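Subject: Structure for you to look at

Hello,

Please find the structure below. My notes on it follow, in the order in which I would read them.

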Amino acid sequence: MPDLHGKRIILGLTGGIACYKSAELLRRMQDEGATVDVVMTAAATGFITAATLQALSGRPVWEDAWDSRMDNRMAHINLSRGADAILIAPASTDFMAKLAHGLADDLLATLCVARGAVPLLAAPAMNHEMWIHPATQRNAAQLRADGVTLIGPAEGQQACGETGSGRMMEPDQILRALIAFFQPKVLAGRRVLLTAGPTSETIDPVRVLTNRSSGRMGYALARAAAEAGAQVTLVSGPTALDCPDQVTRIDARSARDMHAAVLPLAAQADIFIAVAAVADWGIRNPSARKLKKQPGAQPPQLDFVQNPDILAEVAALPQAPWCVGFAAETEDLHAHAQAKRQRKGIPVIVGNLAQHSMDATDTELIIFDARGTHPLPRQGKLQAARQLIGWIAGHLPETHAAPIG
Ligand code: CTP
């Protein structure tokens with residue numbers, strides 16, 4: 001099911017060149033199942049036409065507080081009733097000032113003031129000097145204090161040719177922030193540490209020993225934990241994936257790098273989720289030079305050394321976080337997973353069959369704890385991750401559930 005299935009969103013456009021991105025945002029929201037009603041300020045119509053947004057949304061576009069298409073001429077009331085959220089993108093300097101002061105001099109501003117409990121999100125878009133202006137910063141702080149969720153702005157090249165903070169977030173980022181907004185905040189205030197991806201053991205400067213883990217499951221879990229309101233740190237082996245929004249990523253190559261990155265962070269975490277496919281062995285003496293073939297010579301002999309077990313060491317810490325391991329097995333999943341859970345001294349291990357999930361976009365997880373097994377349906381990794389995060393939040397013992405002080 002798409003992430004915005006059944007949601008009705010009011011997309012408000014205010015005056016800014018970033019209006020050209022709002023058409024794409026509208027499409028992406030619809031792709032995720034949302035019904036979108038567009039409301040524009042007069043300034044926004046200078047940048048994009050109502051016809052474009054009406055054609056894309058397939059619904060009337062609203063610009064005028066006196067619009068007679070509403071039987072009672074109260075578009076500012078009728079539109080927000082029953083809406084799941086109002087998203088202002090772009091939110092101009094002027095419109096943020098209006099919102100912060102409760103002005104109601106056009107349809108969109110009036111609708112925001114009259115919205116009652118409907119959540120309001122805004123993606124600021126303006127020249128960087130306008131963004132850092134003390135009045136704008138005051139207004140942004142006031143909006144946050146009033147419970148408005150600000151998405152961005154982003155840093156970078158601006159339409160005016162200057163560079164700085166103030167450009168609107170890209171449509172995909174705004175969409176993800178909107179989707180995240182609707183996820184239940186079951187881990188609000190918790191600190192979650194994860195490992196993800198493969199590790200890579202150096203043989204020589206050009207060769208490594210690695211595995212087929214894509215990192216997708218760990219990254220999906222990091223995203224789901226952040227969506228659930230946690231403060232998330234992801235220690236990642238080499239992957240091609242983008243760091244999820246609101247997640248701090250620390251890169252590690254070898255199992256020993258990963259071990260060195262994780263251990264100092266573990267005692268401050270409430271939950272540790274070890275998803276990385278950590279190499280069990282490293283190369284004892286990696287060559288400083290590229291190994292060359294010698295005519296007639298034997299292939300090189302690799303001498304292995306056992307790597308530390310990161311999960312078992314974290315679980316054994318005096319201030320250990322609540323530990324969730326992963327077990328990708330090719331056979332006897334139940335027996336191997338339960339044995340691994342006990343051997344590593346952890347309360348929970350999540351099992352899957354490696355041949356069905358290692359390179360795949362979906363997965364079928366089974367949660368193992370002291371009471372037995374809890375199978376989840378086969379589904380996309382993000383859906384599985386959200387379900388697993390929900391399960392973790394529901395089973396987190398009181399001792400690990402204290403919110404950040
Ligand atoms: N793990 C870890 N450090 C290691 C090895 C594994 O933190 N050196 C973690 C993994 O991230 C995973 C769990 O332990 O959460 C199980 O990993 P797995 O490789 O399946 O277990 P091993 O202990 O290596 O057992 P085996 O290779 O014998 O199946």
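Is Gln246 buried or exposed? Gln246 has a relative accessibility of 71%, so it counts as exposed, the cut-off for that being over 50%. Please keep in mind throughout that this is a predicted model.

Gln246 sits in the loop between β12 and β13. Its phi is near 65°, which is a positive value in a residue other than glycine. Most residues other than glycine have a negative phi, and most peptide bonds are trans. Asp242 is found in that loop between β12 and β13 too. With 69% relative accessibility, Asp242 counts as exposed because the cut-off is over 50%. Asp242 touches Tyr219 and Arg249, leaving out residues up to four places away in sequence. Between Asp242 and Tyr219 there are 23 residues in sequence, and their C-alpha atoms are 8.6 Å apart in space.

The chain as a whole

The protein chain has 405 residues, and buried residues make up 50% of them. Its secondary structure comes to 14 helices and 22 strands. The C-alpha trace spans about 85 × 55 × 40 Å along its principal axes. Of the contacts between residues at least 6 apart in sequence, 68% join residues at least 24 apart. The chain exposes about 19200 Å², and carbon and sulfur atoms supply 52% of that area.

The cores

The largest nonpolar core has 36 residues, and those with the most contacts inside it are Val192, Leu194, Leu221, Val232, Ile273 and Phe326. Two or more residues each come from β9, α9, β12, β14, β17, β18 and α14. The largest share, eight residues, is from α9.

Helix α4

Which residues of helix α4 are buried? They are Thr93, Phe95, Met96, Lys98, Leu99 and Ala100, in a helix that runs over residues 93-101. The buried residues of α4 pack against β4, α5, β5, α6, α7 and β6.

Asp204

Asp204 lies in strand β10, residues 201-204. Is Asp204 buried or exposed? Its relative accessibility is 1%, so Asp204 counts as buried. A polar atom of the Asp204 side chain lies 2.8 Å from the backbone nitrogen of Val206. The side chains of Asp204 and Arg207 are joined by a polar contact of 2.5 Å. Leaving out residues up to four places away in sequence, Asp204 touches Ser287, Arg289, Lys290 and Leu291.

The ligand

There are 13 residues around the ligand, and Ala274, Ala276, Asp280, Lys340 and Lys344 come nearest. By class, this shell has seven nonpolar, one polar and five charged residues. At least two residues each are supplied by α11, β17 and α12. Of the elements, α12 gives the most to the shell, with three residues.

Which side chain has an N or O atom 2.8 Å from an oxygen atom of the ligand? That side chain belongs to Asp280. A nitrogen atom of the ligand lies 2.8 Å from a backbone N or O atom of Pro308. A polar backbone atom of Ile310 is 3.0 Å from a nitrogen atom of the ligand. Taken alone, the ligand exposes 560 Å², of which the protein buries 78%.

Backbone details

A cis peptide bond joins Ala89 and Pro90, with omega about 0°. Pro90 is in strand β4. The peptide bond from Gly152 to Pro153 is also cis, with omega near 10°. Pro153 is in the loop between β6 and β7.

Arg73 has a phi near 55°, a positive value in a residue other than glycine. Arg73 is in the loop between β3 and α3. With a relative accessible area of 47%, Arg73 is partly exposed.

Regards

Notes. Residues numbered from 1 in each chain as written. Predicted model: local features only at pLDDT ≥ 70, side-chain atom pairs only at ≥ 80, totals over all residues. Heavy atoms only, no water. Buried < 20%, exposed > 50% of the residue type's maximum accessible area, 1.4 Å probe, protein only. Helix = DSSP H or I, 4+ residues; strand = E, 2+ residues; numbered from the N terminus. Contact = heavy atoms within 4.5 Å. Polar contact = N/O pair within 3.5 Å; in protein donor to acceptor, adjacent residues only side chain to side chain. Core = buried A, V, L, I, M, F, W, Y, C linked by side-chain atoms within 4.5 Å. Near = heavy atom within 4 Å. Areas by Shrake-Rupley, 256 points an atom, 1.4 Å probe, with all protein chains shown as cover. Nonpolar A, V, L, I, M, F, W, Y, C, P; charged D, E, K, R; others polar.
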